[in-house]
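Please read them with the structure open.

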Amino acid sequence: MARRTAVAWAALGPLLWGCALALQGGMLYPRESPSRQRKELDGLWSFRADFSHNRRRGFEEQWYRRPLRESGPTLDMPVPSSFNDISQDWRLWDFVGWVWYEREVILPERWTQDLSTRVVLRIGSAHAYAIVWVNGVDTLEHEGGYLPFEADISNLVQVGPLSSQLRITIAINNTLTPTTLPPGTIQYLTDTSKYPKGYFVQNVYFDFFNYAGLQRSVLLYTTPTAYIDDITVTTSVEHDSGLVNYQISVKGSNLFELEVRLLDAENKLVANGTGTQGQLKVPGARLWWPYLMHERPAYLYSLEVRLTAQTSLGPVSDFYTLPVGIRTVNVTKSQFLINGKPFYFHGVNKHEDADIRGKGFDWPLLVKDFNLLRWLGANAFRTSHYPYAEEVLQMCDRYGIVVIDECPGVGLELPQFFNNVSLQNHMRVMEEVVRRDKNHPAVVMWSVANEPASHLESAGYYLKMVIAHTKALDPSRPVTFVTRSNYAADKGAPYVDVICVNSYYSWYNDFGHLELIQRQLTTQFENWYKTYQKPIIQSEYGAEAIVGFHQDPPLMFTEEYQKSLLEQYHVVLDQKRRKYVVGELIWNFADFMTEQSPLRVLGNKKGVFTRQRQPKSAAFLLRERYWKIANETRYPYSIAKSQCLENSPFT
Ligand code: BDP
């Protein structure tokens, strides 16, 4: 990828969405507005796992037809949360198959009586396959966890005087197969001297616990019957003006008008337009800068869209407000540019995992994690290894934390995972990711996979197709996948814009030999750069440390070893970051749960924070380093403070 491409991107930015592949239907985040209401269904749901032999009793007995309590005992299950860690029934911990959730809801009368209101049921995510019934009627199916799906249920609720009572039943299956994303296999163990008849286990090929259930919010929201279905915004900069290109899709009427107003953070109108697409020019625009890169990071405008439409029931209006950050992203041979300035990712990899809630969305955890990111001086993270909740990205937009948005393409390890069905599915998942996350200024790059077996020929073709598809969906952002293949063998690297490479020197190889890291890491960087001449991110590195384990000289699993390993990496990163290495993301922000194995002690302990979010020694090392780098790379450059460790100097 040469400078030429970067220039082309910058020049074409405003036009590109016009040529981007059209996505079917929008997935705007459900926000309240004068024309839209929300009703959250978080709280206690009734729950039952189907322990029957074939896991199909729920379907055979049609549990969705009547209240779940009538077909057998139920448990209280909090939503959002993973179901695995909540109950004292050990069988739920690694249950594989169908679980059933149910919730009864009373709707406001207007929602059921006013025929110009459209009622939508939205599920933030259901891992991994879900079937939804409303009042016993099959309403919606969705494959894939970590992404939202929704259905217009107006015709189910607007049917008569008693319709304000609603019963929502959701059956969720967490089985991973060779064609799901992530893939998995079911293994039947048939030696009856060891296993009972029909015994099976779920094999996964990734290193985190396969938490499942309704892990994000479920909600109902309304729009008018003619409504703003989708908004796509891209931005660019011309001299000192910001350009905001918008494209709006409307559903439910062909006779409508659209007014678009861009407001600054003080609510002052800075530009306006009309119609389904256009360009707004903002002279003297304030740009969206990453945290610590600029004294005033994360500036957000608001794009207010107002629809007035004719429907068979008369005129209706719909309003939607989208936060907009004006910024550009470009990649050259050796740099990652944000707003035309070199950006260095000094950040982390995360998981959405903590405590008994598993991967359940949780506001206190979210805010704590962002406070820790800022404490650390981290300016970026990768959503390893699946898209995070939308609220996480909203925080990133507001705080200026840059995101590499990764889809659940993790564990693509076996040759049979690179088949056509998987490929089609992977491309569909990328459509869902781009559809959901395209308007977040914080998202600066898509990652289509983590550590696929990219040395295989079939993987090369597969990755080429997924990357090309993603670029067609969103030509405004670079695309990558994260590799651990050898530079000479990797068949996917030719197609990425940035090389993201994971390595675990002196951890998974040459155990304990910290003295080898500098040599091996230098060779790694030089080989990749020589071969591809693309910017490189050290997308994972790290070591396990069990908090409170100490040993000097350092031995594996102690806090000292983790710290020393990081220090060795940092020596080389400091040499190369002035050349073509554009980022370093520690593995991992916090300890996290994994499947049980003799290689894991209550999960993966490579966090620099514990699972309870307390710092290990390495967190202090990283904090000093990240603030130092921030001081060196700030724009416009200001004299570095000798020590810049106060909490939020720029906000
Ligand atoms: C990397 C994987 C990550 C693992 C990590 C580890 O990308 O998911 O958790 O190794 O082993 O290869 O800690």
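1. Helices and strands here are DSSP runs, numbered from the N terminus; a helix has at least four residues and a strand at least two. On that basis, His 385 falls in the loop between strand S24 (380-382) and helix H6 (390-399). The model is predicted.

2. Peptide bonds come next. Most are trans. Ser 384 and His 385 are joined by a cis bond, with omega about -10 degrees. Another cis bond links Leu 181 to Pro 182, with omega about 0 degrees. Pro 182 sits in the loop between strand S9 (165-173) and strand S10 (184-188).

3. Which residues come nearest to the ligand? They are Asp 207, His 385, Glu 451, Tyr 508 and Lys 606, out of 14 around it. The shell holds 4 nonpolar, 4 polar and 6 charged residues.

4. A polar side-chain atom of Lys 606 is 2.5 Å from a ligand oxygen. For Glu 451, the distance from a polar side-chain atom to an oxygen of the ligand is 2.6 Å. Trp 587 places a side-chain N or O atom 3.2 Å from a ligand oxygen. On its own the ligand has 320 Å² of accessible area, and the protein covers 92% of that.

5. The aromatic pairs number 42. Take Phe 381 and Tyr 388: their ring centres lie 5.9 Å apart and their planes meet at 20 degrees, so this pair is stacked. Stacked requires planes under 30 degrees apart. Both Phe 381 and Tyr 388 are buried. Tyr 386 and Tyr 388 have centres 5.4 Å apart and planes at 50 degrees, so they count as tilted. Tyr 386 is buried too. One aromatic cluster includes Phe 381, Tyr 386 and Tyr 388, along with Tyr 146, Phe 206, Phe 208, Phe 370 and Tyr 399.

6. Two arginines sit over rings. The charged end of Arg 56 is 4.6 Å from the ring centre of Phe 59. Arg 577 lies over the face of Tyr 344, 5.8 Å from the ring centre.

7. Last, backbone phi. Most residues other than glycine have a negative value. Ser 506 has phi near 60 degrees, in the loop between strand S28 (499-502) and helix H9 (517-532). Leu 602 has phi of about 50 degrees, in the loop between strand S30 (581-586) and helix H11 (617-633). Buried or exposed? Ser 506 is buried, at 0% relative accessible area; Leu 602 is exposed, at 69%.

Definitions and conventions
Residues are numbered from 1 along each chain as its sequence is written. This is a predicted model: local features need pLDDT of at least 70, side-chain atom pairs count only at pLDDT 80 or more; totals for chains, interfaces and linings use all residues. Side-chain values use heavy atoms; hydrogens and water are left out. Rings of Phe, Tyr and Trp (its six-membered ring) pair if their centres lie within 6.5 Å; planes under 30 degrees apart count as stacked, over 60 as edge-to-face and the rest as tilted. Buried means under 20% relative accessible area, exposed over 50%, partly exposed in between (1.4 Å probe, protein chains only). A charge sits over a ring if NZ of Lys or CZ of Arg is within 6 Å of the ring centre and within 35 degrees of the ring normal. A residue is near a molecule or strand if one of its heavy atoms lies within 4 Å of it. A polar contact is a pair of N or O atoms within 3.5 Å; within protein, one must be able to donate a hydrogen and the other to accept it, and residues adjacent in sequence count only if both atoms are side-chain atoms. Accessible areas come from the Shrake-Rupley method with a 1.4 Å probe; for residues, only the protein chains shown count as cover. Ala, Val, Leu, Ile, Met, Phe, Trp, Tyr, Cys and Pro count as nonpolar, Asp, Glu, Lys and Arg as charged, and the others, Gly among them, as polar.
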